[in-house]
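This report covers selected features of one protein chain. Please look over the sequence and structure before reading on.

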Amino acid sequence: MAKFLVQKSDPLNGEVYISGAKNAVLPLMAAALLAEEKCVIDDVPALRDVEVMKDILASLGSEIKELMPGKLEVYTPVIKDTEARYELVSKMRASFLVMGPLLARNGHGKVHMPGGCTIGARPIDLHLKGFEALGAEVVLKDSYVECIAPEDGLVGASIYLDFPSVGATENIMTAAVLAKGTTYIINAAEEPEIVDLANFLNKMGAKIKGAGTDTIKIEGVPNLHGAQHTVIPDRIETATYMLAAAITHGSLLIKNVVPDHVKPITAKLRECGVQVEFGDDGMYVIADNPDVKLTATDIKTLPYPGFPTDIQSPFMAFLTTVDGASAVIETVFENRFMHVAELNRMGANIKTDGNKAQIQGGKKLEGAKVIATDLRAGAALVLAGLVADGTTEISEIYHIERGYEKFVDKFKAIGADIFRMDE
Ligand code: EPZ
């Protein structure tokens, strides 16, 4: 398996350009199934997860064309198959996002259970609650989820989400756009990726209001036409590079950023003494002022607009390097401290108790052999490796490469000493 070798690096300096958001482009690609005409999506990041979603759409009958790098055309005149098979779905949980469009357009969808992962069980009960509320029959059999719409189609309903689930909000929205009548999603997720999806669907002729708030109204329409849409920048990639500047006491200009999408990280880094400024050409993250001693802070992850769970591990890596005690509380996933053991192997001093982690920062980190346990934990270990003495060898890096476009190239370009070793 390939590995990253990361050496202690100088403070990172220079410019980095943020790619289209992984967690926006995947639901956008699934939603393109709803149109009989061509859809074109711009700023599609070159990621393994995007390749998997392309394969899933193709297996359902879509014609996929890369018109030019990053510009994807999805054309599905007819959905030939409404079953997403195990060998594809097992590669990526987000494959389950095709269920809403399949149910809406063909009245039937059969998708293998997405299963859990290292950060949690990742249940789909809220997705299924929404589909049933719209009138679908849900059958769980042989690890498949099959949803069948009534003869005369889905009917709008009011759906309360017990947790503002991102995926459930997206799947219910795409299922409801062609339903008869009006649907309300109450306690909906408010993430920017939800707004991006609603904007794309509205360009296709849907009638969605309230995306980005806790109540989304969807008035069903008879059908959707093709549309062109540009993916929003990846706020989690943005935050990762903000933390790369902070942990190495560097100074970066980060381009293609939506300031509103990274407000929690901007606020918390400013609390730690990092300078974050927004100019016409992008966001400056400056941590190289020798007169400023960076300090500790506490973070608690919450659904948007709270502090994003996906940045919990990279931020923790940063907190291990600043003097003082910090507390990290993870409220979104039940098992998202897998990176703690790996950071402690590098000399960090982190103690966990349930969903709380106590960090005693300021100790020098030492390079070590560590394992990436999920996409973001992998990024956290790279950040730690940039400031640890000696070499940090990170395995299971496929996690990282599925979600960060040109990860090594971008880090090398700003001065990181990182090397991808094929095995
Ligand atoms: C999306 O996952 C993201 N993935 C995740 O990013 C992100 O961490 C997460 O949202 C939270 O922001 C994509 O968008 C592809 P959820 P999703 O449904 O939709 C519980 C990354 O690193 N829940 O909001 O699966 C669930 O157990 C990935 O890019 C239910 O109980 O997240 C979890 O505790 C990791 N029942 C919480 O909600 C359900 O039916 C949040 O899950 C669904 C979810």
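## Surface patch, domains and salt bridges

In this predicted model, Tyr 184 has a relative accessible area of 33% and is therefore partly exposed. Tyr 184 sits in strand S11, residues 182-186. Together with Tyr 160 and Ile 186, Tyr 184 forms a nonpolar surface patch of about 260 Å² accessible area.

Helix H7 covers residues 192-203, 12 residues in total, and spans 17 Å between its first and last C-alpha, close to the 16 Å expected at 1.5 Å a residue. Buried residues of H7 include Pro 192, Ile 194, Leu 197 and Phe 200. After H7 comes Gly 205, with a positive phi near 110°.

The domain assignment divides the chain into domain 1 (3-19 + 233-421) and domain 2 (22-230). Their C-alpha centres are 31 Å apart, and 23 residues of domain 1 contact 20 residues of domain 2.

The whole structure has 22 salt bridges, among them those tabulated here.

| Salt bridge | Closest N and O atoms |
|---|---|
| Asp 49 and Arg 402 | 2.9 Å |
| Lys 65 and Glu 73 | 3.8 Å |
| Asp 310 and Arg 336 | 2.7 Å |

Asp 310 lies in the loop between strand S18 (299-300) and helix H10 (312-319), and Arg 336 in the loop between strand S19 (324-329) and helix H11 (338-345), so this pair ties together parts 26 residues apart in sequence. Both Asp 310 and Arg 336 are buried.

Asp 49 has 0% relative accessibility and so counts as buried. Asp 49 is also linked with Arg 48 and Arg 402 in a network of salt bridges. Lys 65 is partly exposed at 47% relative accessibility, whereas Glu 73 is buried at 8%.

How values were computed: Residues are numbered from 1 along each chain as its sequence is written. This is a predicted model: local features need pLDDT of at least 70, side-chain atom pairs count only at pLDDT 80 or more; totals for chains, interfaces and linings use all residues. Side-chain values use heavy atoms; hydrogens and water are left out. Patches are made of residues with over 30% relative accessible area and no salt bridge: like charges are joined within 9 Å, nonpolar side chains (Val, Leu, Ile, Met, Phe, Trp, Tyr) within 5 Å. Accessible areas come from the Shrake-Rupley method with a 1.4 Å probe; for residues, only the protein chains shown count as cover. A salt bridge is a side-chain nitrogen of Lys or Arg within 4 Å of a carboxyl oxygen of Asp or Glu. Helices (H or I, at least four residues) and strands (E, at least two) are DSSP runs, numbered from the N terminus. Buried means under 20% relative accessible area, exposed over 50%, partly exposed in between (1.4 Å probe, protein chains only). The expected span of a helix is 1.5 Å times one less than its number of residues. Domain bounds come from an automatic or database domain assignment. Contact means heavy atoms within 4.5 Å.
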